[in-house]
Amino acid sequence: MSIPKIHESEYRFCLIMWEHEPVTAVELVKLCQEQLGWKRTTTYTVIKRLGERGVLKNENGIIISLVSKDDAQAFEIDELVEKKFEGSLPAFIAAFTKHQEMSEKELDEIQNMIDRIRKGESK
């Protein structure tokens, strides 16, 4: 499945949508005004654009996502690794961890992910 590009301001909108879906367009307008400072017309424009690109569906004023948060994030990471790190996941991880302090808990979580992948488990 091809994931449509979600631009930064659209992504902030999607975070609100994902948190509240299914949500009415009226409620999204209110939430976007409160959290993003958007006018009603801006929210409706974003709903229309994301609907045209297949990110969400607006059915009788009820908004639901067609692209999950996990899928959108995975697509962005894949694109970042491909563009900036020549497709090398180890290079990405090395760059990411070079200037990051990581707690023992975070290191344990990462090790658990690696162990599950080696065992053939998906999550």
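Author: Happy to! The model is predicted, so to speak of a local feature we need pLDDT of at least 70, and side-chain atom pairs count only at pLDDT 80 or more, while totals for chains, interfaces and linings use all residues. Residues are numbered from 1 along each chain as its sequence is written, and side-chain values use heavy atoms, with hydrogens and water left out.

Reader: What are the helices and axes here, and which residues make the contact of helix 1 with helix 3?

Author: Helices (H or I, at least four residues) and strands (E, at least two) are DSSP runs, numbered from the N terminus. Axes are lines fitted to C-alpha atoms, for helices over the stretch in contact, and angles run from 0 to 180 degrees between N-to-C directions. Contact means heavy atoms within 4.5 Å. Here, Glu10, Phe13 and Cys14 of helix 1 touch Thr43, Val46, Ile47 and Leu50 of helix 3.

Reader: How do helix 1 and helix 4 lie to each other?

Author: They cross at roughly 155°, with axes that come within 11 Å, and are therefore roughly antiparallel. Tyr11, Leu15 and Trp18 in helix 1 meet Lys69, Ala72 and Gln73 in helix 4.

Reader: Which strands pair, and how do they run?

Author: Two strands pair if DSSP finds at least two bridges between them. Strand 2 (residues 56–59) and strand 3 (residues 62–65) are antiparallel and joined by four bridges. Leu56 stands opposite Ser65 in strand 3. The two strands form a hairpin with two residues between them, and Asn60 in the turn has a positive phi of about 55°.

Reader: How many disulfides does the structure hold?

Author: A disulfide is a pair of cysteine sulfur atoms within 2.5 Å. The structure holds zero. Cys14 is in no disulfide, its nearest cysteine sulfur being that of Cys32. For Cys32, the closest cysteine sulfur is in Cys14, 9.6 Å away, which is too far for a bond.

Reader: Are Cys14 and Cys32 buried or exposed?

Author: Buried means under 20% relative accessible area, exposed over 50%, and partly exposed in between (1.4 Å probe, protein chains only). Cys14 counts as buried because its relative accessibility is 0%. Cys32 is buried too, at 0%.

Key. Angles under 35 degrees count as roughly parallel, over 145 as roughly antiparallel, 65 to 115 as roughly perpendicular and the rest as oblique.
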